[in-house]
Amino acid sequence: GALDTISTLLCVVPPVVGVLWGLKEMVWLRSIKIQGPVSTHALASPMASRDDIKIVVQSMKQIAGFIQEGASAFLMEEYLHMTVYMVVASCCVASCINLPTCLSFLVGCFTSSASGLIGMKVAVFANLCTAHEAWLDIDRGFKCALRAGSIVGFCLSSLAVLVLFSLVLIYRSSYFYGQEMQNARIMFEALAGYGLGGSSIALFARVGGGIYTKAADIGADLSGKNEWNMDEDDPRNPACIADNVGDNVGDVAGMGADLFGSFAGVSSASLVLSGPSATLECGLATYWSAAMFPLLISSTAIVVGLVTMQLGLAMATIGDDFSRIEDCLRRLRQIFCLLYTPVVTCLCYVFLPPAFTITPTHSGSRGATAVIILLGLWSGVLISYSTEYWTSHSCAPV
């Protein structure tokens with residue numbers, strides 16, 4: 001019906017827009033010219049000349065190149081070892097479960113790897129651009145960092161939704177389980193491999209990158225700060241580059257794969273839980289729009305995120321007060337939650353039936369579902385405020 005068509009479009013159009021937006025922002029980031037300030041007043045020394053600016057710019061580019069080379073080398077080596085795991089694990093999944101689950105597992109592995117790679121590539125160049133823009137003006141530096149970060153966020157979430165929905169459509173074809181919703185249980189169980197693959201690669205990326213960055217950090221402290229009395233980020237410190245490489249492969253690439261793994265696991269688990277209801281009267285999975293509800297939540301969040309980004313960028317003014325950076329980031333969180341609350345409520349009341357069954361002994365309603373989702377949304381906000389209060393330098397405890 002019309003509702004099924006709308007739900008299908010909502011699972012496709014927002015992620016496509018998110019990917020296109022990420023690509024647009026990537027083109028904008030690449031268009032930034034790293035050439036330093038036009039005048040010499042931005043340099044620390046008032047006697048600095050244009051030649052000094054050129055030396056600084058050249059040094060920035062050289063250091064960024066070293067970090068890029070090191071991060072790429074680490075990820076390629078890490079992915080080479082992960083490929084061995086993927087081959088062995090996929091054979092085990094195929095032999096112990098079935099081929100569709102194995103296919104989902106491999107797709108999850110590749111998408112998680114791509115998430116980490118995209119995050120690392122963007123972050124390394126964004127570091128250079130943000131440092132350069134902050135050199136010119138702190139507002140430009142903040143907006144550059146915000147827009148660069150949005151590239152990873154939108155591309156990652158959009159790819160995750162698109163790939164998972166594509167798997168659903170493939171498994172609904174006549175080559176696999178067909179379009180009968182009675183087959184939803186075995187189809188959704190096959191999709192569980194998607195979450196397993198994403199989480200497996202996230203484990204390697206997060207732990208491997210984390211060990212590397214901690215080892216490099218300790219090396220920078222021991223070799224430079226303690227032995228030679230140099231600053232940790234002194235370019236003469238041989239572990240300085242390794243430390244920055246570790247920050248990118250651990251905190252960015254590892255985090256990107258980790259976030260994708262979390263999304264893939266939660267979405268796949270939601271589909272698996274609804275699968276058994278396909279054979280029940282008023283079962284949740286008997287309705288196409290209701291079965292795709294987990295993806296609708298993530299997909300519409302992309303649109304709300306785009307609106308939030310535009311409002312946040314329009315209101316982002318730092319000036320000389322660095323404490324406003326926290327205020328701007330806090331405002332982004334507030335705007336998103338305020339905008340997403342009515343969106344989630346509308347999704348529940350439009351795409352879910354008034355009452356539905358999940359198992360023979362468990363049932364639910366769209367009103368209760370809306371309350372649960374909103375509790376999770378705002379609980380996350382409260383947790384973030386609590387964490388910020390106890391750890392931020394601008395709050396009393398710190």
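Close-up 1. Arg-330 pairs with Glu-326 in a salt bridge whose closest N and O atoms lie 3.7 Å apart, a salt bridge being a side-chain nitrogen of Lys or Arg within 4 Å of a carboxyl oxygen of Asp or Glu. This is a predicted model, in which local features need pLDDT of at least 70 and side-chain atom pairs count only at pLDDT 80 or more, whereas totals for chains, interfaces and linings use all residues. Residues are numbered from 1 along each chain as its sequence is written, and side-chain values use heavy atoms, with hydrogens and water left out. Because Arg-330 and Glu-326 are four residues apart in helix H9, about one helical turn separates them; helices are DSSP runs (H or I, at least four residues) numbered from the N terminus. Both Arg-330 and Glu-326 are buried, where buried means under 20% relative accessible area, exposed over 50%, and partly exposed in between (1.4 Å probe, protein chains only). Through salt bridges that share partners, Glu-326, Asp-327, Arg-330, Arg-333 and Glu-388 form one network.

**Close-up 2. The salt bridge of Arg-147 and Glu-25.** The side chains of Arg-147 and Glu-25 meet in a salt bridge at 2.8 Å, N to O. This pair links distant parts of the chain, with Arg-147 in helix H4 and Glu-25 in helix H1 (residues 2-30), 122 residues apart. Arg-147 is buried at a relative accessible area of 18%, and Glu-25 also counts as buried, at 1% relative accessibility.

**Close-up 3. The salt bridge of Arg-206 and Asp-258.** In the salt bridge between Arg-206 and Asp-258, the closest N and O atoms are 3.6 Å apart. Distant parts of the chain are again linked, Arg-206 lying in helix H5 and Asp-258 in helix H6, 52 residues apart. Arg-206 is partly exposed, with a relative accessible area of 29%, and Asp-258 is partly exposed at 27%.

**Close-up 4. The largest nonpolar core.** This core has 44 residues, and those with the most contacts inside it are Tyr-171, Phe-188, Leu-191, Tyr-194, Met-292 and Leu-352; a nonpolar core is a set of buried Ala, Val, Leu, Ile, Met, Phe, Trp, Tyr and Cys residues joined through side-chain atoms within 4.5 Å. The elements that give two or more residues to the core include helix H4 (138-171), helix H5 (184-226) and helix H10 (366-391), and H4 gives the most, with eight residues. A second, separate core of 18 residues includes Leu-29, Ile-32, Cys-129 and Trp-135.
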